[in-house]
Amino acid sequence: MTKSEKQELIAQGLLLPLMEEFYTIQGEGFHKGTAAYFIRLGGCDVGCHWCDVKESWNAELHPPTMADVIVDHATKYSKTIVITGGEPLMWNMDPLTSKLKENGLQIHIETSGAYQLTGTWDWICLSPKKLKLPTEEVYEKANELKVIVYNKDDFRFAEEQAAKVNKDCILYLQPEWSKRDKVVPEIVDYVMANPKWKVSLQTHKYLNIP
Ligand code: SF4
(Lines give C-alpha, C1' and ligand atoms only; values in the text may rest on other atoms or scores of the structure.)
Protein backbone atom coordinates (compact mmCIF):
# COMPACT_ATOMS: atom_id res chain seq x y z
CA MET A 1 0.00 0.00 0.00
CA THR A 2 1.42 3.42 -0.95
CA LYS A 3 1.59 6.25 1.56
CA SER A 4 -1.21 8.17 -0.20
CA GLU A 5 -3.45 5.07 -0.34
CA LYS A 6 -2.91 4.65 3.37
CA GLN A 7 -3.74 8.30 4.05
CA GLU A 8 -6.91 7.98 1.99
CA LEU A 9 -8.06 4.92 3.97
CA ILE A 10 -7.31 6.76 7.23
CA ALA A 11 -9.31 9.81 6.05
CA GLN A 12 -12.25 7.53 5.22
CA GLY A 13 -12.10 5.85 8.64
CA LEU A 14 -11.39 2.47 7.07
CA LEU A 15 -7.93 2.30 8.62
CA LEU A 16 -7.55 3.20 12.31
CA PRO A 17 -4.59 3.34 14.74
CA LEU A 18 -5.47 0.45 17.04
CA MET A 19 -3.65 0.78 20.35
CA GLU A 20 -5.29 -2.14 22.14
CA GLU A 21 -8.51 -4.12 22.34
CA PHE A 22 -9.66 -6.18 25.28
CA TYR A 23 -12.71 -7.74 26.87
CA THR A 24 -13.37 -6.53 30.39
CA ILE A 25 -15.93 -4.89 32.66
CA GLN A 26 -16.84 -1.26 32.08
CA GLY A 27 -15.71 0.30 35.33
CA GLU A 28 -17.05 3.83 35.08
CA GLY A 29 -20.21 5.85 34.69
CA PHE A 30 -23.73 4.69 33.87
CA HIS A 31 -22.74 1.29 32.43
CA LYS A 32 -20.33 0.31 35.19
CA GLY A 33 -20.38 -3.41 35.87
CA THR A 34 -21.29 -4.29 32.28
CA ALA A 35 -19.10 -6.71 30.33
CA ALA A 36 -17.78 -4.85 27.31
CA TYR A 37 -15.20 -5.13 24.55
CA PHE A 38 -12.94 -2.08 24.59
CA ILE A 39 -11.37 -0.73 21.42
CA ARG A 40 -8.71 1.84 22.25
CA LEU A 41 -7.61 4.03 19.35
CA GLY A 42 -4.37 5.96 19.37
CA GLY A 43 -4.13 9.71 18.85
CA CYS A 44 -4.96 12.57 21.20
CA ASP A 45 -3.82 16.19 21.24
CA VAL A 46 -5.89 17.42 24.19
CA GLY A 47 -2.91 17.18 26.54
CA CYS A 48 -4.39 16.57 30.03
CA HIS A 49 -1.38 16.59 32.36
CA TRP A 50 -2.91 13.83 34.53
CA CYS A 51 -3.80 11.59 31.55
CA ASP A 52 -3.35 7.92 32.45
CA VAL A 53 -2.95 6.81 28.81
CA LYS A 54 -0.27 9.20 27.56
CA GLU A 55 1.13 6.36 25.46
CA SER A 56 -2.00 6.76 23.31
CA TRP A 57 -1.19 10.32 22.27
CA ASN A 58 1.08 9.61 19.32
CA ALA A 59 -1.09 7.83 16.74
CA GLU A 60 2.01 6.90 14.74
CA LEU A 61 2.99 4.41 17.44
CA HIS A 62 -0.14 2.30 16.96
CA PRO A 63 -0.62 -0.09 14.04
CA PRO A 64 -3.00 1.11 11.32
CA THR A 65 -5.70 -1.57 11.37
CA MET A 66 -8.58 -2.13 8.96
CA ALA A 67 -12.00 -1.42 10.51
CA ASP A 68 -13.19 -4.84 9.25
CA VAL A 69 -10.49 -6.58 11.26
CA ILE A 70 -11.44 -4.68 14.43
CA VAL A 71 -15.10 -5.63 13.87
CA ASP A 72 -14.19 -9.31 13.38
CA HIS A 73 -12.43 -9.32 16.74
CA ALA A 74 -15.15 -7.38 18.57
CA THR A 75 -18.05 -9.58 17.45
CA LYS A 76 -16.47 -12.62 19.13
CA TYR A 77 -16.81 -11.23 22.63
CA SER A 78 -19.61 -8.97 23.71
CA LYS A 79 -22.84 -7.24 22.79
CA THR A 80 -21.44 -4.00 24.21
CA ILE A 81 -18.53 -2.26 22.56
CA VAL A 82 -16.75 0.74 24.07
CA ILE A 83 -14.64 2.84 21.73
CA THR A 84 -12.14 4.91 23.63
CA GLY A 85 -8.70 6.42 23.27
CA GLY A 86 -6.86 8.62 23.04
CA GLU A 87 -9.52 10.72 21.43
CA PRO A 88 -11.49 8.48 19.03
CA LEU A 89 -13.22 11.44 17.34
CA MET A 90 -9.90 12.43 15.79
CA TRP A 91 -10.86 9.72 13.29
CA ASN A 92 -13.89 9.20 11.08
CA MET A 93 -15.99 6.79 13.13
CA ASP A 94 -18.68 6.21 10.46
CA PRO A 95 -17.36 2.97 8.88
CA LEU A 96 -16.34 1.28 12.13
CA THR A 97 -19.60 2.04 13.93
CA SER A 98 -21.85 1.15 10.98
CA LYS A 99 -20.05 -2.20 10.60
CA LEU A 100 -20.47 -2.87 14.33
CA LYS A 101 -24.16 -1.92 14.10
CA GLU A 102 -24.62 -4.35 11.18
CA ASN A 103 -23.61 -7.02 13.70
CA GLY A 104 -26.29 -5.91 16.15
CA LEU A 105 -23.88 -4.51 18.74
CA GLN A 106 -24.42 -1.72 21.24
CA ILE A 107 -21.77 0.91 20.68
CA HIS A 108 -20.57 3.35 23.29
CA ILE A 109 -17.97 6.08 23.00
CA GLU A 110 -15.79 7.75 25.61
CA THR A 111 -14.80 11.14 24.25
CA SER A 112 -13.61 14.59 25.21
CA GLY A 113 -15.96 15.81 22.48
CA ALA A 114 -13.30 18.11 21.12
CA TYR A 115 -13.69 16.95 17.52
CA GLN A 116 -16.58 16.68 15.08
CA LEU A 117 -18.98 13.91 16.06
CA THR A 118 -18.90 11.09 13.53
CA GLY A 119 -20.30 7.58 13.90
CA THR A 120 -23.55 6.03 15.11
CA TRP A 121 -23.74 5.71 18.88
CA ASP A 122 -26.02 4.04 21.39
CA TRP A 123 -24.31 5.84 24.25
CA ILE A 124 -22.10 8.90 24.32
CA CYS A 125 -20.02 9.48 27.43
CA LEU A 126 -18.72 13.04 27.23
CA SER A 127 -15.73 13.76 29.44
CA PRO A 128 -14.92 17.38 28.64
CA LYS A 129 -11.48 18.86 29.16
CA LYS A 130 -10.67 22.51 29.86
CA LEU A 131 -7.82 22.58 27.35
CA LYS A 132 -10.03 21.75 24.36
CA LEU A 133 -13.76 22.17 24.86
CA PRO A 134 -16.45 19.99 23.25
CA THR A 135 -18.37 20.89 20.13
CA GLU A 136 -22.01 22.01 20.44
CA GLU A 137 -23.21 18.81 18.78
CA VAL A 138 -21.66 16.60 21.44
CA TYR A 139 -23.26 18.64 24.23
CA GLU A 140 -26.64 18.13 22.49
CA LYS A 141 -26.20 14.37 22.05
CA ALA A 142 -24.29 13.27 25.17
CA ASN A 143 -26.00 10.63 27.33
CA GLU A 144 -23.69 11.14 30.25
CA LEU A 145 -21.37 13.93 31.30
CA LYS A 146 -18.36 12.68 33.24
CA VAL A 147 -16.20 15.40 34.72
CA ILE A 148 -12.86 14.32 36.17
CA VAL A 149 -12.11 16.09 39.43
CA TYR A 150 -8.43 16.79 40.01
CA ASN A 151 -8.79 19.94 42.12
CA LYS A 152 -11.46 22.30 43.46
CA ASP A 153 -11.67 24.33 40.25
CA ASP A 154 -13.06 21.24 38.54
CA PHE A 155 -16.36 21.68 40.44
CA ARG A 156 -16.73 25.11 38.81
CA PHE A 157 -15.87 23.60 35.44
CA ALA A 158 -18.36 20.77 36.03
CA GLU A 159 -21.21 23.23 36.59
CA GLU A 160 -20.20 25.21 33.50
CA GLN A 161 -20.31 22.00 31.44
CA ALA A 162 -23.58 20.80 33.01
CA ALA A 163 -25.20 24.05 31.86
CA LYS A 164 -24.31 23.16 28.25
CA VAL A 165 -25.48 19.56 27.97
CA ASN A 166 -29.00 18.44 27.05
CA LYS A 167 -31.57 18.06 29.84
CA ASP A 168 -31.53 14.23 29.82
CA CYS A 169 -27.79 13.95 30.21
CA ILE A 170 -26.76 12.15 33.42
CA LEU A 171 -24.16 14.05 35.43
CA TYR A 172 -21.15 12.35 37.02
CA LEU A 173 -18.18 13.56 39.01
CA GLN A 174 -15.25 11.17 38.99
CA PRO A 175 -12.06 11.54 41.04
CA GLU A 176 -8.81 11.63 39.13
CA TRP A 177 -7.16 8.39 40.27
CA SER A 178 -3.92 9.80 41.68
CA LYS A 179 -5.85 12.41 43.73
CA ARG A 180 -8.61 10.11 44.92
CA ASP A 181 -7.71 10.18 48.62
CA LYS A 182 -8.03 13.96 48.74
CA VAL A 183 -10.80 14.43 46.21
CA VAL A 184 -13.28 11.64 47.07
CA PRO A 185 -14.44 13.29 50.34
CA GLU A 186 -14.87 16.60 48.47
CA ILE A 187 -16.93 14.89 45.77
CA VAL A 188 -19.07 13.11 48.37
CA ASP A 189 -19.85 16.42 50.09
CA TYR A 190 -20.50 18.12 46.77
CA VAL A 191 -22.91 15.45 45.52
CA MET A 192 -24.86 15.45 48.78
CA ALA A 193 -25.19 19.24 48.54
CA ASN A 194 -25.91 19.11 44.78
CA PRO A 195 -27.80 15.86 44.16
CA LYS A 196 -28.25 16.39 40.43
CA TRP A 197 -24.71 14.95 40.32
CA LYS A 198 -23.73 11.31 40.92
CA VAL A 199 -20.38 9.86 41.91
CA SER A 200 -18.49 7.77 39.35
CA LEU A 201 -15.50 5.70 40.45
CA GLN A 202 -12.96 3.86 38.34
CA THR A 203 -14.16 0.55 39.77
CA HIS A 204 -12.03 -1.47 37.32
CA LYS A 205 -8.96 -0.12 39.10
CA TYR A 206 -10.32 -1.34 42.46
CA LEU A 207 -11.09 -4.70 40.81
CA ASN A 208 -7.55 -4.75 39.39
CA ILE A 209 -8.73 -5.39 35.83
CA PRO A 210 -7.90 -3.39 32.66
S1 SF4 B 1 -8.53 13.68 26.43
FE2 SF4 B 1 -8.29 11.68 27.40
S3 SF4 B 1 -6.65 10.63 26.23
FE4 SF4 B 1 -6.58 12.80 25.72
S5 SF4 B 1 -5.06 13.67 27.12
FE6 SF4 B 1 -7.06 13.96 28.09
S7 SF4 B 1 -7.37 12.14 29.39
FE8 SF4 B 1 -5.67 11.65 27.95
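Author: Let's start at Cys44, which is buried at 16% relative accessibility (buried is under 20% relative accessible area, exposed is over 50%, partly exposed is in between, with a 1.4 Å probe and protein chains only). Before going on: this is a predicted model, where local features need pLDDT of at least 70 and side-chain atom pairs count only at pLDDT 80 or more, while totals for chains, interfaces and linings use all residues. Numbering starts from 1 along each chain as its sequence is written, and side-chain values use heavy atoms, with hydrogens and water left out.

Cys44 sits in the loop between β2 and β3 (helices, H or I, of at least four residues and strands, E, of at least two are DSSP runs, numbered from the N terminus). Skipping neighbours within four places in sequence, Cys44 is in contact (heavy atoms within 4.5 Å) with Ser56, Trp57, Gly86, Glu87 and Met90. Cys51 belongs to that loop between β2 and β3 as well, and at 19% relative accessibility Cys51 also counts as buried. An unreviewed UniProt entry lists Cys44, Cys48 and Cys51 under "binding site"; the positions follow the numbering used here, feature names are shortened, and such annotations may be inferred rather than shown by experiment.

Now step back to the strands. Nine of them form an open sheet with mixed pairing, in the order β3-β1-β2-β4-β5-β6-β7-β8-β9 (two strands pair if DSSP finds at least two bridges between them). The edges are β3 and β9 (197-199), each pairing on one side only. β1 and β2 pair antiparallel over seven bridges, and Tyr23 stands opposite Tyr37 of β2.

The side chains of Arg40 and Glu20 meet in a salt bridge, 2.6 Å from N to O. Arg40 is in strand β2 (residues 35-41) and Glu20 in strand β1 (residues 15-25), 20 residues apart. Arg40 is buried, at 13% relative accessible area, whereas Glu20 is partly exposed at 31%.

Elsewhere, Lys152 and Glu186 form a salt bridge with their side chains, 3.1 Å from N to O. Lys152 is in the loop between β7 (144-149) and α5 (153-162) and Glu186 is in helix α6 (residues 180-193), so the pair ties together parts 34 residues apart in sequence. Lys152 is exposed, with 55% relative accessible area, while Glu186 counts as buried at 17%. There's a network as well: Lys130, Asp153, Asp154, Arg156 and Glu160 are joined by salt bridges that share partners. By this rule, the count for the model comes to 16 salt bridges.

Note on methods:
A salt bridge is a side-chain nitrogen of Lys or Arg within 4 Å of a carboxyl oxygen of Asp or Glu.
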